[in-house]
Amino acid sequence: QLDLLWTRKQNVMYNLFDWPTQKHSKLIILAIANTMDLPERIMMNRVASRLVCPLTVFPHEQYSTVLFVCFGLLILAKYFSQLIGNIVAALSGDARRCLDICRRATEICEFASQKNTPEIVRMAHVTEAIDEMFSSPYISAIRNASLHEQIFLKAILAEFHRAGVEEATVQQVYHQHISLCRMEGMQSPTVSDIMSICSRLGACRLLLVESSNKYLHMRVRLNISQDDVMYALKDE
């Protein structure tokens, strides 16, 4: 499972994919990941360049097929499977989220059946499970954040995507923030404003901020998944 071999310097993945390129090598590497865009999402260029063979990406429609095969005869109609597959594929492509939603929908149905007559999983159960998964207090906090706080979170995602690591300095995020503001025709915040934004997001526990006096060189990480941030900001 390739995404579990990720390290900050990515030496493990580099060596792994470099071995088959060596002269007289008879080694073939087959790697599987739950994320559809793993090379673009986390791999450095020097690692991605080692992928000499074409990638096989399962289309998001196939998430629906997998779910229907696993659950269709028992609890889910094909329409439910397509709905769940499309929602998860639009966010991150992580198939495990599909299974989590199905599992939770089943639990909700079973709990309701204890009060009334037994029933199968219905659209209402699936919708409730989806709402639960993507309606955490953190997501509400992001949606209620100020415009520049939301842009700062978008800038973090952009920097993580660019660097291939899920950690960045405030300065690196600030550069992304300025670029996003320019794209939107907005006035860029000052360094002081950025530090205040970072502090507020850290106080809300949306960010993990390094405790130091390095200011722009402080390192930040998300305290929630990138999927949740993208979901909370998808309509912004």
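I counted twelve helices and three strands in the protein. I am working from a predicted model.

**Whole chain.** I looked up burial next: of the 236 residues, 39% count as buried. I then took the accessible surface, which comes to about 13900 Å². Carbon and sulfur atoms account for 56% of that surface. For contacts, I kept to pairs of residues at least 6 apart in sequence; 64% of these join residues at least 24 apart.

**Sheet.** I traced the strand order and got S1-S3-S2, an open sheet of three strands with antiparallel pairing. S1 and S2 stand at the edges with a single partner strand each, so one side of each has no neighbour in the sheet.

I went through the pairings one at a time. S1 covers residues 168–169 and is joined to S3 by two bridges, the two strands running antiparallel. Here I noted Ala-168, whose bridge partner in S3 is Val-220. S2 covers residues 207–209 and pairs with S3 over three bridges, also in the antiparallel sense. On this side I found Leu-207 opposite Leu-222 of S3, and Leu-208 opposite Arg-221 of S3.

**Faces of S3.** Which residues of S3 lie on the covered face, and which on the uncovered one? I found Val-220 and Leu-222 on the covered face of this strand, residues 219–222. Arg-219 and Arg-221 are on the uncovered face. The general rule I had in mind is that side chains in a regular strand alternate between the two faces of the sheet.

**Helix H12.** I moved on to residues 226–233 and asked how many of the eight residues of H12 are buried. The count is seven, so I put H12 down as largely enclosed by the rest of the structure. I took buried to mean under 20% relative accessible area. The buried residues I listed in H12 are Gln-226, Asp-227, Asp-228, Val-229, Tyr-231, Ala-232 and Leu-233.

Last, I checked the N-terminal end of H12 and found it capped by Ser-225. A side-chain oxygen of Ser-225 lies 3.1 Å from the backbone nitrogen of Asp-228. Asp-228 is also one of the buried residues of this helix.

Note on methods
Residues numbered from 1 in each chain as written. Predicted model: local features only at pLDDT ≥ 70, side-chain atom pairs only at ≥ 80, totals over all residues. Heavy atoms only, no water. Helix = DSSP H or I, 4+ residues; strand = E, 2+ residues; numbered from the N terminus. Buried < 20%, exposed > 50% of the residue type's maximum accessible area, 1.4 Å probe, protein only. Contact = heavy atoms within 4.5 Å. Areas by Shrake-Rupley, 256 points an atom, 1.4 Å probe, with all protein chains shown as cover. Polar contact = N/O pair within 3.5 Å; in protein donor to acceptor, adjacent residues only side chain to side chain. Pairing = 2+ DSSP bridges.
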